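Colleague: Thanks for sitting down with me. Could you show me the chain, and then take me through how to read it?

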Amino acid sequence: MAYLGIRAFFARPPTDAPSAVPDATAPLQAYASTFALTITNPATIIAFSAVFLTLNIAEQAGGGVGALVVVAGVFSGSALWWLTLTLGVSLLRRFVNARLMLWINRTSGAVLIAFGVLAILSILLPVSPGS
């Protein structure tokens, strides 16, 4: 994580400006590709399966139909989240310039470096109970 933070911190934003008139299908394509990547991500599928099995969602939801409603709700919530995110980014991208991207790179890099250092320290200096 610290390595990714260092790479992000020192990353230079692209100097070529995007076209002034974005393609009208760009938000829809961004949504579709991001959603497809998310829904087919094995880590996402395994994580949701683990949570559903651990919390015994199917039994608590009242059986098969209840479990389907829960899954449909999670699916709909994820779809709405990605739609909101991609539309928001496509609307705000005209306000992003090289200076702002440099600031974003530095900030996100510093946060990743801090979390990486904390992870390393938690391994090297374990906290004993009662101290």
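Colleague: How many helices and strands does the chain have?

Modeller: Happy to start there. Helices (H or I, at least four residues) and strands (E, at least two) are DSSP runs, numbered from the N terminus. Here there are six helices and zero strands, and the pattern along the sequence reads α-α-α-α-α-α. This is a predicted model, where local features need pLDDT of at least 70 and side-chain atom pairs count only at pLDDT 80 or more, while totals for chains, interfaces and linings use all residues. Residues are numbered from 1 along each chain as its sequence is written, and side-chain values use heavy atoms, with hydrogens and water left out.

Colleague: What share of the residues counts as buried?

Modeller: Buried means under 20% relative accessible area, exposed over 50%, and partly exposed in between, with a 1.4 Å probe and protein chains only. Of the 131 residues of the chain, 11% fall in the buried class.

Colleague: Is Thr-86 buried or exposed?

Modeller: Thr-86, in helix α5, is buried, because its relative accessibility is 10%. For its neighbours, contact means heavy atoms within 4.5 Å. Leaving aside residues up to four places away in sequence, Thr-86 touches Pro-27, Ala-30, Tyr-31 and Thr-34. Its side chain also reaches the backbone oxygen of Trp-82 at 2.8 Å.

Colleague: And why does Ser-90 count as partly exposed?

Modeller: Ser-90 also sits in helix α5, and it is classed as partly exposed because its relative accessibility is 22%. Between Ser-90 and Ala-30 there are 8.7 Å in space, C-alpha to C-alpha, with 60 residues of separation in sequence.

Colleague: How much of the contact set with a separation of 6 or more comes from residues 24 or more positions apart?

Modeller: That share is 83% in this chain.

Colleague: How much space lies in the second largest pocket?

Modeller: On a 1 Å grid over the protein atoms alone, a pocket is an open set of points where a 1.4 Å probe fits, with protein on both sides within 12 Å along at least five of seven lines; lining residues have an atom within 4 Å of a point. The second largest pocket holds about 290 Å³. Of its 13 lining residues, Ile-39, Thr-44, Phe-48, Val-74 and Phe-75 are the closest to the centre. Helices α2 (26–39), α3 (42–54) and α5 (64–92) each give two or more residues to this lining.

Definitions and conventions
Grid points are joined across faces, edges and corners, and a volume is the space filled by probe spheres set on the points. A polar contact is a pair of N or O atoms within 3.5 Å; within protein, one must be able to donate a hydrogen and the other to accept it, and residues adjacent in sequence count only if both atoms are side-chain atoms.
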